[in-house]
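Please keep the sequence and the structure in view while reading.

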Amino acid sequence: MTTSDTNHPRDFQSLPLQQSLLTNLEDLGYTRLTEIQAAALPAIMDGRDVIGQARTGSGKTVTFGLGLLHKLQVGQFRVQALVLCPTRELADQVARELRKLARTIHNIKILTLCGGMPFGPQVGSLKHGAHIVVGTPGRIEDHLRKGNLDLQGVQTLVLDEADRMLDMGFQAVLDQILAELPSQRQTLLFSATYPNTIDALATRVLRNPVKVEVTSAHTQNTIEQKYYQVENNEERPAALYQLLANFDVSSALVFCNTRKEADEAAQALKRAGVSALALHGDMEQKDRDCTLVLFANGSASVLVATDVAARGLDIEELPVVVNYHLSRDPEVHVHRVGRTGRAGQKGVALSLVSKKEIYKLERLEALTQQSITLQEVPPLPKGFVASRPVMSTLQIDGGKKQKVRAGDVVGALTGEGGIDAAQIGKIQLFDFSTFVAVEREVAKKALGKLANGKLKGRKFRARIVGV
Ligand code: ADP
Ligand code: MG
């Protein structure tokens, strides 16, 4: 294993990428390379196998995305790149980013294949072929076994969030997929943490890899970490509420170790009047989609999630991260905490710690070489009432398959008797539905305008969703 040299390029234009990719990067406003991109792209473009370790939000998707697009031959219509992700949300997010990066490459087909989605339509899409497949291991293996998917033309394999895939028990399925891939290929493995299990996987699957590790020492300065003592688990829900109340939370991510805990913590916050939502693997896919939409567009204040559910999700502006329980793994802790304080902004990371968890604290102290002091949970500020989120979300029963576009939605909401364009927030299109955030005060008015008007010349049902 070798480590790449430190003479890294600083901007995309200095990379030997196709001109159309470079122009597009400029249009996207991507000028400077992130650390992981600068460190990994030269080796990737050299055709080397690469292990990349960097925290969520460091730009790993663009790193492998450019690597695989750079050598993709659109004239050869077969699967040339396979990207494996632990969850459907991540696969969707990666596919979206790849489509953005590839939008100047004509006729390129990027297909997502994930569990929790109907099987039949995927078989249909596969018959039409694709250049890039992004998906979750289980479903990909399913298609392989049924003979729907031919991976013999794959030149690049990406294992994204590999540590999570192993945590989720995908090892055996990964092996089955690997057996169907040509041995002559480039393999890129990305992981936020680097436990022994990943090392073992890397040794088996990668050839003489370059290891690129970007430890985010700079985040230490912008993230304030505080640790609070609780007696037992019964105290945690109230302690969580008190912390959030004291830190004036408009947007916080709370990490739980189990799904049950995530549900309980979210319920407790809701009872206290906080607009909180849980996110975990026991939930139905459409509820997970909706939850993420509401949190990302400002219609919910607090997202309470398990590590698996929250991993890799590209959520902007997270001023506060809370550890409802400390993670058993200090590396996971560092990673969770790194979700706040992005791009030089100030972040706060708060952790609840019981006596039984002191050993976890000691591990953390050993890893960070810093001593940690426990504080008392601050009491609820006098007369505290949680404020409502600024936005509210309308769900429209029509989406991409009905050819709905963001512009159509804006058109339908504004104009006579409608709301102001400035009162419209994020618009997210799914296959069969569209979510649009509007300022809370005008949500009813916006719904009325939709109910009485038309979109794409027809009526769609719509409703206000949320907490
Ligand atoms: P990771 O996979 O490391 O968690 P992502 O690939 O999801 O991170 O990237 C996080 C965000 O940063 C995305 O919104 C992406 O579009 C953006 N991004 C990536 N690279 C750059 C860049 N060089 N300049 C500006 N924004 C970037
Ligand atoms: Mg990622």
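## Two helices in contact

In the predicted model, P330, E331, H333 and V334 of helix α15 meet R363, L364 and L367 of helix α16. Contact here means heavy atoms within 4.5 Å. Helices are DSSP runs (H or I, at least four residues), numbered from the N terminus. Four of the contact residues are nonpolar, one is polar and two are charged. Ala, Val, Leu, Ile, Met, Phe, Trp, Tyr, Cys and Pro count as nonpolar, Asp, Glu, Lys and Arg as charged, and the others, Gly among them, as polar.

Two packed helices are described by the angle and the distance between their axes. The axes of α15 (residues 330–337) and α16 (residues 358–368) come within 9 Å and cross at roughly 75°. Each axis is a line fitted to C-alpha atoms over the stretch in contact, and angles run from 0 to 180 degrees between N-to-C directions. The two helices are therefore roughly perpendicular to each other (65 to 115 degrees).

## Around ligand 1

Ligand 1 is surrounded by 16 residues, each with a heavy atom within 4 Å. The closest are Y30, Q37, G57, T61 and D314. By type, the shell holds three nonpolar, eight polar and five charged residues. Helix α3 gives the largest share, three residues.

Oxygen atoms of ligand 1 make polar contacts (N or O atoms within 3.5 Å). One lies 3.1 Å from a polar side-chain atom of E97, and a backbone N or O atom of K60 is 3.0 Å from a ligand oxygen. The elements giving two or more residues to the shell are α3 (60–71) and α4 (88–101).

## Basis of the values

Residues are numbered from 1 along each chain, and ligands from 1 in the order written. Local features need pLDDT of at least 70, and side-chain atom pairs 80 or more.

How values were computed: Side-chain values use heavy atoms; hydrogens and water are left out. A polar contact is a pair of N or O atoms within 3.5 Å; within protein, one must be able to donate a hydrogen and the other to accept it, and residues adjacent in sequence count only if both atoms are side-chain atoms. Angles under 35 degrees count as roughly parallel, over 145 as roughly antiparallel, 65 to 115 as roughly perpendicular and the rest as oblique.
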